[in-house]
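Dear colleague,

Please find below the structure that I am handing over to you.

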Amino acid sequence: MNQWPDGWTDEGRDRYGRGSAAPEPEPTRVMPHTQRPGVPPQSRGGYGQGPGGDGSYDSGYSPGQVYGGRQGDPQGGAGGYDGGDGGYGPGGRPRPNWKRRITVGLVTLLAVLLVWSVATYFWADSKLKREVDLSKVEDRPDSGEGTNYLIVGSDSREGLSDEEKKKLHTGSAEGKRTDSMMILHVGDNGNTMVSLPRDSWVTIPDFTGSESGKHYESPGPNKLNAAYSQDGPQLLVRTVEHNTGLKIDHYAEIGFGGFAKIVDSIGGVELDIPRDIKDKNSGADFEKGKQTLNGEQALAFVRNRYEAGSDLERTKNQQKFLSALASQTATPSTVLNPFKLYPTMGAGLDTLIVDKDMSLWNLASMFWAMKGITGGDGTSMNMPIAGSAPAGSLKWDMPKVKELVSQLNADEKVTVKGD
C-alpha cells in the first residue's frame, strides 16, 4: 500500500533525500530575497549561490566589486545604481533635501512679506485723512511737468491735552493757522523745495467759500497766512496759484501734535544747531553743535521766530529740519522694523491732512524727495524777496518768481537764487 500522498512516489521520496540512503545531496533551496539598505541585489550572494555556483557560502562581496557599487562602473553597476549611499545617512535615516528646504523657505518668506506689505498698505491708506478737495479750487493754471506739493505746518492743537499744550509751548488759541508753508517740486531734473514766508505780501483773489458755497470778492493784498485763516486749505492753494502761476497737484498738512510724535517715534532727529538759541516764546533753548532733538525740542526749533530775527531765517530752519526728519525716517532701520514703522506712520497719519487724490505712493514720493534734498539731490531755497511791504510783510521779487515758476513748469534745473 502506497502511504505517500497522491502524486508522491518512492522515487520522489528518494529524490528529496527523506528517509533514503541515497548518496545524492539535497538540492539547494532558494531562500526568500531580502534587500539590505544601501546594497544592490547585484552585489550580494547567498548560501549556495556563490561565484562558482558550487554551493559554498557567499559573504555578499565578489571579486571586482566594492560595497555599494561596481568598481570601474561609472553608473554604479547594473540597474542604474548610482554607487552612492542610496540617499540614506548614518543609521539608515534619509538625508535632508536642502535644495527643496531652501526653496520652500524662500517661497514662504516671500509670501509672508507680500501679505505683510499689502496689509500695511491698506492699514495706512485707511488712516489718511483726505479732507481737501482741490477740484473746488477756481481758475487754476495749466499743469506743468513734474509734481508740485504744497506742504503746510499748521498750529493745530487738535488732540493735545492742556498739559501737552503747556509742554510744547503751543498756547491755547482756537482754530488753526499756518505756521510754515513750502512748495516741493518733484521732477526728473532734481527736486526743489521753495519756502513761502507766512508774512509774504500777496493778493488774495475772489473765491467761493469751501463750506458756505458763497462767492466772496477779493479782500485785496494781505499776508499769505491770512488766506488760510479766512477759508482754509482751498483758499490757500488758490492764493498760491494766483500769485505764482504754478499749479499745485497735492496738498499735505500736519499739526503740532503729529509733528512732535513723529520725531519721538524714531528716537529723535540729529541736527547741527548753527549757534546758541534761546527763545521763551517757542521754548527753544539750544547750544551750538550737533545734538539729537526730541519732539518737544524739534517743535521749538522750527517755531523759533523772534530769536531768528526774521521769517526768512525761520523758514531756512524749517527746511533744514524737515529734510533731516525725512532723511532719518526713510531708512531701512525704520521701514523694515515693524516696532518703529507702525508707531512712526501712526503718529504722522493721525494728524496728517491731505487732498482727496493723494495716494500713499504720492506721499512716499514726497518724503523721498525731501530725503533726496538733504543728500544734495536738489535745491532748497526761499521765494525770492524784493524787500519789505506793509504791516511788516515781505514783497516777492516778481521777475525772479516768474523765472522760477517757468523753470519748475518746464521741469528744468533751477538756476534762480532765493534769499
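**Aromatic rings and model confidence**

Phe286, Phe301 and Phe321 form a cluster that is linked by ring pairs. Please note that this is a predicted model.

Across the whole structure, the search finds 3 aromatic pairs. In one of them, the ring centres of Phe207 and Tyr216 are 5.0 Å apart and the planes stand at 20 degrees; because planes under 30 degrees apart count as stacked, this pair is stacked. Phe207 is buried, with a relative accessibility of 7%, whereas Tyr216 is partly exposed at 34%.

For Phe301 and Phe321, the ring centres lie 6.5 Å apart and the planes are at 50 degrees, so this pair is tilted. Phe301 belongs to helix 6 (residues 295-303) and Phe321 to helix 7 (residues 311-329), so the pair ties together parts that are 20 residues apart in sequence. Both Phe301 and Phe321 are buried.

A ring also takes part in a contact of another kind: the charged end of Arg101 sits over the ring of Trp98, 5.1 Å from the centre of that ring.

As to confidence, the mean pLDDT of the protein is 76, and 70% of its residues reach 70 or more. Over residues 10-22, pLDDT stays under 50, and the model has 7 contacts beyond four places in sequence for them. Where pLDDT is low, the predicted coordinates should not be read in detail.

Yours sincerely

Terms used. Residues numbered from 1 in each chain as written. Predicted model: local features only at pLDDT ≥ 70, side-chain atom pairs only at ≥ 80, totals over all residues. Heavy atoms only, no water. Phe/Tyr/Trp six-rings, centres within 6.5 Å; stacked < 30°, edge-to-face > 60°. Buried < 20%, exposed > 50% of the residue type's maximum accessible area, 1.4 Å probe, protein only. Helix = DSSP H or I, 4+ residues; strand = E, 2+ residues; numbered from the N terminus. Lys NZ or Arg CZ within 6 Å of the ring centre and 35° of its normal. pLDDT = per-residue confidence, 0-100. Contact = heavy atoms within 4.5 Å.
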